[in-house]
Amino acid sequence: MKLTIIKGNITKVKADAIVNAAHHTLMGGGGVDGAIHKAAGKELLEEYIKLRGEKLPDGLGTGEAIVTKAYNLPAKFIIHTVGPRYYSENINLLENCYINCLKLAEENNCESIAFPAISTGAYGCPIEKSAEIVKKVLNNFKSKIIK
């Protein structure tokens, strides 16, 4: 597995899937979520509304993930996950975000996936803590796919 770290605009990344650090309501938000909604176009919000009506009436839980089309983005899919708030939720749920996104990428035959630094913006997780969690998840995922 090759890991590349880039600093840039996730809405411009050409990958099979990009990950959205989504708001639990699935109705858009600020930061990465707002940028992805704006770049993907109104069809993403329409798909969210359908998902809320059919499968997720209470929204998406912290650590969970769901996949949608990418619409106007240069990716095939958007994988949406809700990260934990650092000071009020269990930070270990961040691990679930990455694991569930990787599982969905695998289920959708994605060969590449781009992640933002989930929960490190408005949700307050220190980047160092986030990096430790990501490293653990990727090491475990790597050993799983190599077996």
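1. Starting with the overall make-up: this predicted model has a protein chain with 4 helices and 4 strands. Read from the N terminus, the elements come in the order β-α-α-β-β-α-β-α. The radius of gyration is 14 Å, close to the 15 Å that the globule rule gives for 147 residues, so the chain is as compact as a globular protein of that length. If you are setting up a box, the C-alpha atoms fill roughly 40 × 35 × 30 Å along the principal axes.

2. Next, a helix pair worth a look. The axes of α1 (residues 31-40) and α2 (residues 42-54) come within 5 Å, with a crossing angle of roughly 110°. That angle lies in the range of 65 to 115 degrees, and the two helices are therefore roughly perpendicular to each other.

3. Which residues of α1 and α2 meet? On the α1 side they are D33, I36, H37 and A40, and on the α2 side E43, L44, L45 and Y48. By type, the residues of this contact divide into 5 nonpolar, 1 polar and 2 charged.

4. Helix α1 also turns up in the second largest pocket, where it gives the largest share of the lining, 3 residues. This pocket holds about 310 Å³ of space. It is lined by 17 residues, and those closest to its centre are A21, G30, V32, A122 and Y123.

Definitions and conventions. Residues numbered from 1 in each chain as written. Predicted model: local features only at pLDDT ≥ 70, side-chain atom pairs only at ≥ 80, totals over all residues. Heavy atoms only, no water. 1 Å grid on protein atoms, 1.4 Å probe; cavity = no way out; pocket = protein on both sides within 12 Å on 5 of 7 lines; lining within 4 Å. Points joined across faces, edges and corners; volume = space filled by probe spheres on them. Axes fitted to C-alpha atoms, helices over the stretch in contact; angles between N-to-C directions. Parallel < 35°, antiparallel > 145°, perpendicular 65-115°, else oblique. Contact = heavy atoms within 4.5 Å. Nonpolar A, V, L, I, M, F, W, Y, C, P; charged D, E, K, R; others polar. Rg over C-alpha atoms; globule rule 2.2 N^0.38 Å.
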